[in-house]
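Student: Could we go through this fold together, beginning with the sheet and then moving on to the helices and a few single residues?
Tutor: Gladly; here is the structure to look at while we talk.
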Amino acid sequence: MENENVTIRPYEAATDLEKLSKIWFDASLKAHPFIGEPRLVEQRRLIEEEYLPKAETSVACLNGEAVGFISLLGSFVGGIFVAPDRQGLGIGRRLISHALERKGELSLEVYTANEQAVRFYATLGFQEMSRRDVDDFGLPFPNAALFLKG
């Protein structure tokens with residue numbers, strides 16, 4: 001179901017950091033329970049101090065409220081997260097479409113255990129390019145590298 005009330009705007013650190021950090025944390029708890037809450041708490045600090053400030057982030061708003069975001073490093077999707085209570089409304093699709101229009105192609109990595117995300121990307125036409133058995137932290141959480149050409 002597409003939601004026509006969704007707008008996408010650039011990230012503003014002064015007003016968005018706390019809200020996007022919460023969206024990231026809540027969505028990560030739902031999507032990545034295998035990582036464990038203590039490790040997600042550690043990663044949240046990295047999200048706030050490293051990833052959000054360095055990435056090109058677009059914020060999805062529903063009736064003016066931030067409900068999701070996509071962070072890009074060039075054409076690589078460093079992260080896309082939608083508040084758990086707003087998932088299934090087409091917000092993620094809008095964020096991917098917005099990024100694809102701007103970049104022409106997108107690549108990303110997804111935890112293969114995150115079946116909902118794997119299905120989401122397949123529905124959008126992403127193709128699997130490769131897999132690895134460990135994540136960026138060297139932990140045994142398999143990842144798939146995906147690619148989409150606009």
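Tutor: To begin with a convention, two strands are said to pair if DSSP finds at least two bridges between them, while helices (H or I, at least four residues) and strands (E, at least two) are DSSP runs numbered from the N terminus. This is a predicted model, in which local features need pLDDT of at least 70 and side-chain atom pairs count only at pLDDT 80 or more, whereas totals for chains, interfaces and linings use all residues. Residues are numbered from 1 along each chain as its sequence is written, and side-chain values use heavy atoms, with hydrogens and water left out.

Student: OK, so in what order do the strands of the open sheet run?
Tutor: The open sheet has 7 strands in the order β1-β2-β3-β4-β5-β7-β6, and their pairing is mixed. Strands β1 (6-10) and β6 stand at the edges with a single partner strand each, so one side of each has no neighbour in the sheet. The twist from one strand to the next averages 30°, where angles run from 0 to 180 degrees between N-to-C directions and axes are lines fitted to C-alpha atoms, for helices over the stretch in contact.

Student: Which strands does β7 pair with?
Tutor: Strand β7 (residues 143-149) pairs in the antiparallel sense with β5 (residues 105-111) over 7 bridges, and also in the antiparallel sense with β6 (residues 127-132) over 5 bridges.

Student: How many bridges link β3 and β4?
Tutor: There are 6 bridges, in the antiparallel sense, between β3 (residues 65-73) and β4 (residues 76-82), and one of the partnered pairs is Ile70 with Ile80 of β4.

Student: Switching to α1 and α2, at what angle do they pack?
Tutor: Helix α1 (residues 13-31) and helix α2 (residues 37-54) pack at an angle of about 145°, and their axes are 10 Å apart. The residues of that contact divide into 9 nonpolar, 3 polar and 4 charged, where Ala, Val, Leu, Ile, Met, Phe, Trp, Tyr, Cys and Pro count as nonpolar, Asp, Glu, Lys and Arg as charged, and the others, Gly among them, as polar.

Student: Which side chain does Asp16 make a polar contact with?
Tutor: The side chain of Asp16 is joined to that of Arg9 by a polar contact of 2.8 Å; such a contact is a pair of N or O atoms within 3.5 Å, and within protein one must be able to donate a hydrogen and the other to accept it, with residues adjacent in sequence counting only if both atoms are side-chain atoms. Asp16 lies in helix α1 and counts as buried at 3% relative accessibility.

Student: Last one: where is Gly125, and what does it touch?
Tutor: Gly125 is found in the loop between α4 and β6, and it touches Phe147 and Leu148, not counting residues up to four places away in sequence. At 29% relative accessibility, Gly125 counts as partly exposed.

Methods
Buried means under 20% relative accessible area, exposed over 50%, partly exposed in between (1.4 Å probe, protein chains only). Contact means heavy atoms within 4.5 Å.
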